[in-house]
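Here is a brief report on one protein model. It covers strand pairing, salt bridges and a surface patch.

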Amino acid sequence: MKNSGWTMRKAIMIFCVGCVMAALLMQTFLFQQSLKRQIRTESIADNENTLTKMQAELMTFVRNIRTEMLTIYSEYDLIEELRSVAKGSQEKVPADGYWWRNWYLGRKRFSSEDRLMAMYLYDANNQLVSAYRYNCQMFPRDIYKSEYDANTERVLEYVNGERTDLMISGYYNPLEEKDIIRFVLKLHNYDEERQKIGYLVCEIDSMAFASIMNKYVDLSHVYLWMQPVNDRTIVTTGDANDDQKRIQKQLSRVIQNYYDSNTLEQEYEDYYLIHVGQTENNLEACALVSQSLLTATQRSLTRSLMVIMGMMLVVVCVFVMFLSQWLTRPTEQMLETIERIKNGETQLRVQPVGWSEELKVLGTEFNDMLDRVQAMAQEEYKYRLLVERTEYKMLQAQINPHFLYNTLNTMSGIATAQNCPLVSGLCHSLSAVFRYSLNMTDEFSTVQKEMEHVKNYLYVMDVRSGSDVSYEYQIAEETLQDQLPRICLQPIVENAITHGLRNVRRKDKKLTISAVHENGLLLICVEDNGTGMDAEEMNHLLEKNDPKRVETGVSIGILNVNARLKRVFGEEYGILIDSRMGEGTKVSIRVPILKKKEEQEGENYEPYGKNQSTGCR
């Protein structure tokens, strides 16, 4: 027995293994999604706590810088001069005696850990009073007269604004090739008016911030930057790739444009964004953390789960294999017995055994069915012998159609001998009609033979009912050998005479038959000037081509002819009717041009009718 296709054993194995695999995959997927969310939430929370601690240490550093900047107030004579300029009593603070004050403050007040690079003191009129530069070649004497973009517009915006806190800004120094963090502190009177008397600008190396930031992040997986809201990025740290740099630039532009922190997403491509703000100093700490870092544990657990799933599948496959063998063994034995019975061992019977009651009932019923089939086969054999004998007797008694043809020909000869040409012609035409109608050895005929059959039919009809209809044939010579199914024209001509012309009281009854080649097709038209008909309804029936309606017809009508044409040539061909009530009907047959493969020898076809035309009227 060939085990091809699906068997019960295969179905049981595939179903059981498929169910277990689906359950394990679903469990793995749900576990992975839950684990992903948990690890993501915990990792983001851990990184936020880390950034919060980093912000606290940076805040302490900023407070120390601010404290050191406030020591400027201990220079009483310098402060008095600044107050005088602010009150308008003098235009500018005298440079003599004050130019080295910033150098003194920078050397004595700030430590090396502060990484002070430059310090500038301005009066209330934005005039430089004193300056300290760690490297005079790398930093300008006046920040407003720098040769590069030093982001001074933020300083002026702060100085001319209402803010009184410490402003933190920054810029990139191309000469030093590093980011510079700038602190700006307004100086004012300690009275009720708190009049601005000047401001102090301190510029430090961004490494002062970066050294603190590097203590809290893994530089190989995290890209961290600090940025004041509505200002440029002041410091970045971490080994960033091109994607991280691109995303950082996009987010930096968002923060620079008065953004709302709630508008930032938590995921950007393959990175998580974690940001913690420092309200006191208007600083945002932002970090792009690689998802691969956060999901490393998840991948390890997933691999372990996949190994466990594979082991479970192996165990399940072994178990299901033995279980399916035990379940299907009775069925396979029964199937083997059925195959042997099919191959000729008809006396065998299946053994109704097995673990299932259904199998026992099936075996018993199958044996009973075999017994009944064998008895019925013997009865059918006896009945077939009886039918064959009956058919043989019926064939012996059947009238040969040639007897009818010969009889009609004999009647025609007798009528000719008795000088009755009408009867002779009628017998001859009727014999031709019978011969053409009953000769169905060939499904196809030609236009010429169809027209011969139509002419014989019309002659018989004229003899029966009188010749009150005139006929006109417009058959193009090139169409005579075109093929179409037998008996296609006669039913249409019969409908035209019976339903179109018979009940018309007019003396000019006329039937026109034409055939031409048009646009590569054979077009045959049967047109009468009779009563007309509802062409729209009839065309709908022809287009619908309902087989049930065609089969229930008692004669070979237009629906039958249309159905045969569509079956032979395709749905786009067939019959189309054009009719007007009281004026007449035109039935058009449209089919492809089909020629005979071999022309019959000895035949010389002549066109019908006197008039030949190039198209249907």
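## Strand E10 and its partners

E9 and E10 run antiparallel and are joined by eight bridges. The model is predicted. Across this pairing, His-275 stands opposite Cys-286 in E10. The two strands form a hairpin with four residues between E9 and E10. In the turn, Asn-282 has a positive phi of about 60°.

E10 also pairs with strand E6 (residues 222-228). That pairing is antiparallel too, over seven bridges. Here Gln-227 stands opposite Glu-284 in E10.

## Burial of E10

How many residues of strand E10 are buried? Eight of the eight residues in E10 (residues 283-290) are buried, so the strand is largely enclosed by the rest of the structure. In a regular strand, side chains alternate between the two faces of the sheet. In E10, Leu-283, Ala-285, Ala-287 and Val-289 point one way. Glu-284, Cys-286, Leu-288 and Ser-290 point the other way. Both sets are buried.

## Salt bridges

The structure holds 18 salt bridges. Side chains of opposite charge can pair when their charged atoms come close.

Arg-83 is partly exposed at 21% relative accessibility. Glu-80 is also partly exposed, at 45%.

The side chains of Glu-269 and Arg-246 meet in another salt bridge, at 2.9 Å from N to O. Glu-269 is in the loop between strand E8 (267-268) and strand E9 (271-278), while Arg-246 is in helix H6 (residues 242-256), so this pair ties together parts that are 23 residues apart in sequence. Glu-269 counts as partly exposed, with 48% relative accessibility. Arg-246 counts as partly exposed, with 34%.

Glu-583 forms a salt bridge with Arg-580. Their closest N and O atoms are 3.8 Å apart. Both Glu-583 and Arg-580 are exposed. Elsewhere, salt bridges with shared partners join Asp-149, Glu-153 and Arg-232 into one network.

## A nonpolar surface patch

Which residues form a nonpolar patch on the surface? The patch is made of Val-314, Val-318, Met-321 and Phe-322. Together they have about 360 Å² of accessible area. Met-321 lies in helix H8 (residues 296-342). Its relative accessible area is 34%, so Met-321 is partly exposed.

Definitions and conventions:
Residues are numbered from 1 along each chain as its sequence is written. This is a predicted model: local features need pLDDT of at least 70, side-chain atom pairs count only at pLDDT 80 or more; totals for chains, interfaces and linings use all residues. Side-chain values use heavy atoms; hydrogens and water are left out. Patches are made of residues with over 30% relative accessible area and no salt bridge: like charges are joined within 9 Å, nonpolar side chains (Val, Leu, Ile, Met, Phe, Trp, Tyr) within 5 Å. Accessible areas come from the Shrake-Rupley method with a 1.4 Å probe; for residues, only the protein chains shown count as cover. A salt bridge is a side-chain nitrogen of Lys or Arg within 4 Å of a carboxyl oxygen of Asp or Glu. Buried means under 20% relative accessible area, exposed over 50%, partly exposed in between (1.4 Å probe, protein chains only). Two strands pair if DSSP finds at least two bridges between them.
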